[in-house]
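Please read it with the sequence and the coordinates open.

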Amino acid sequence: MGGALTVARRELSGYFATPVAYVFIVIFLIMSGALTFTLGNFFGRGTADLQPFFGFVPWLFLFLVPALTMRLWAEERRLGTIELLLTLPITQWQAVLGKFLAAWAFCAIALVLTFPLVLTVNYLGNPDNGVIVTGYVGCLLVAGTYLAVGAAISALTKNQVIAFVLAVAVCFLFAAAGSPVVTEFLSTRIPALAEIARGISITDRLNGFSRGVVTLRDLIFFASFIGFWLFANAVAVDHRKAD
Amino acid sequence: MSALIEIDRLTKNFGGFTAVDDVSFTVARGEVLGFLGPNGAGKSTTMKMLAGFVTPSSGTARICGEDVVDRPVAAKRHLGYLPEGAPTYPEMTVAAFLAFVAHVRGFRGSEAADRIAHAMRLTTLEGVRLQPIETLSKGFKRRVGLAQALLHDPPVLVLDEPTDGLDPNQKHEVRRLIAQMAPNKAIIISTHILEEVSAICSRAIIIARGQVLADSTPAELAGRGSSLDAVFRDLTLPKEVA
């Protein structure tokens, strides 16, 4: 674990040494705020909660998180530093975990910086702050799943554009799997698949969190989903590291 | 004391192409082995397998008795490795980069600070310690890579083209550094510069098409023809079919 944390610390400081961190955070804050107040009709809804915000964040992450992960391994390969990293006395698993944890911590920082919304809603009314906390936890878990997917795909290719496009596509698959359009289409044509689509859907899982309901099932889903993709990431790094 | 580096029937195939073909040799403490060969001969691939970056197709290597395939982390602890081109993280400062490597290698607090200071002194990096690596010249970048490899004072050093891109004075410095460390370590350096081999290596291996063609002292190799250059050409150029 020590090795993973050392890698994570280096990665995280790397984000802030380049404009990547600032562009990501500023765009995320502007977009999440703007969407919440305009499309989300924050003031007109007449309820003091952050439902619109929690509704938009997963879709924002769908594009922003792959932008973060596309360089995770592709950049190491381009610079040749992957050879340095993997010949230090750490396991590949520690390198994979370290990179993932750094990106996840970075997403957590971006989410924490949306705190003015929480202050605003508390100033205007009397929201259930427990629901707001679980909503944030849900958003963080969604970021984690997208990160795990994107990082694994980044390990497969040297090309950052390919890594980005594939990661958005795969994340979209898991995000849209539970949407009414998909499930209705599938349940009329292939009912067996509809149930599976609902089962792997990330947005379905998130609904509980944004209503303040955290179930063990959902937590296990997110943990195993992230675990699976990190495992795929380690396998991909092992097979493709020297290409 | 047995050899610190043991390479045991190491082979690497890429698709149908055999980059390294059944290579075996050992390097003992106090030896500086010059690894020579034309581009694409398998030098770097052999070194990458020794460093645990490329997985061998068959055969294995041991560093201080630790198998690089079965016990990679233990083997890497005894190894200082300078990859080809000396890759480093461009946005980090020299000090931050070396601190990262020291941390990964398990050094903390004042011990880490001492090791970093010592490595910077050996490679004369003190003047640029707070500069981002991307702003440094090629020679400085190479020395950052070297400092990273020397930081933990490893018994085994594997340096892939350590003097590439350095000016003559810097080359001289690096050679002096290697010669100074040689008695206590087993060192492998790859190079294209044949006089470097005569200057610092106690032994030279010539490799081409993945196979070891010669393994001897630089003086003995040079004695086989008019010069080391001539012998190198003679060994590595494909034979004309008579």
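The sections below cover the model, the annotated spans, the chain contact, the domains, the core and some local backbone features.

## Model and numbering

This is a predicted model, in which local features need pLDDT of at least 70 and side-chain atom pairs count only at pLDDT 80 or more, while totals for chains, interfaces and linings use all residues. Residues are numbered from 1 along each chain as its sequence is written, and chains are lettered from A and ligands numbered from 1 in the order in which they are written.

## Annotated spans

In the unreviewed UniProt entry for chain A, "transmembrane region" is listed for residues 20–44, 56–74, 95–119, 131–149, 161–182 and 219–237. UniProt positions follow the numbering used here, feature names are shortened, and annotations may be inferred rather than shown by experiment. Residues 131–149 of chain A are 100% helix and 0% strand, with end C-alpha atoms 27 Å apart. Residues 161–182 of chain A are 86% helix and 0% strand, and their end C-alpha atoms also lie 27 Å apart. Helices (H or I, at least four residues) and strands (E, at least two) are DSSP runs, numbered from the N terminus.

For chain B, an unreviewed UniProt entry gives "domain: ABC transporter" at residues 5–234. This span is 37% helix and 26% strand, and its end C-alpha atoms are 28 Å apart.

## Contact between chains A and B

Chain A places 19 residues in contact with 22 residues of chain B; contact requires C-beta atoms, placed from the backbone, within 7 Å. On the chain A side, helix H1 (2–17) and helix H5 (81–86) each supply at least two residues. H1(A) gives the most, with five residues. By class, this side of chain A has eight nonpolar, eight polar and three charged residues. Ala, Val, Leu, Ile, Met, Phe, Trp, Tyr, Cys and Pro count as nonpolar, Asp, Glu, Lys and Arg as charged, and the others, Gly among them, as polar.

## Domains of chain B

Chain B is divided into domain 1 (1–78 + 156–242) and domain 2 (89–153), with bounds from an automatic or database domain assignment. Their C-alpha centres lie 25 Å apart. Nine residues of domain 1 of chain B are in contact with six of domain 2 of chain B. On the domain 1 side, strand E7 (156–160) and helix H6 (168–181) of chain B are the elements giving two or more residues, and H6(B) has the largest share, three residues.

## Nonpolar core

A nonpolar core is a set of buried Ala, Val, Leu, Ile, Met, Phe, Trp, Tyr and Cys residues joined through C-beta atoms within 7 Å. A residue is buried if 20 or more other C-beta atoms lie within 10 Å of its own, exposed if 12 or fewer, and partly exposed in between, with C-beta atoms placed from the backbone. The largest core has 142 residues, of which Phe100(A), Leu147(A), Leu98(B) and Val158(B) touch the most other members. Helix H8 (residues 129–154) of chain A gives the most to this core, with 13 residues. Both domains of chain B give residues to the core, so it lies between them.

The residues that Val158(B) touches, leaving out those up to four places away in sequence, include Met47(B) and Leu50(B). Met47(B) and Leu50(B) are among the buried residues of H1(B), a helix (residues 43–50) with eight of its eight residues buried.

## Local backbone features

Just after H1(B), Gly52(B) takes a positive phi of about 85°. Most residues other than glycine have a negative phi. Cys64(B), not a glycine, has a positive phi of about 50° and sits in the loop between strand E4 (58–63) and strand E5 (66–67) of chain B. Thr124(B), also not a glycine, has a positive phi of about 45°.

Methods
Contact = placed C-beta atoms within 7 Å.
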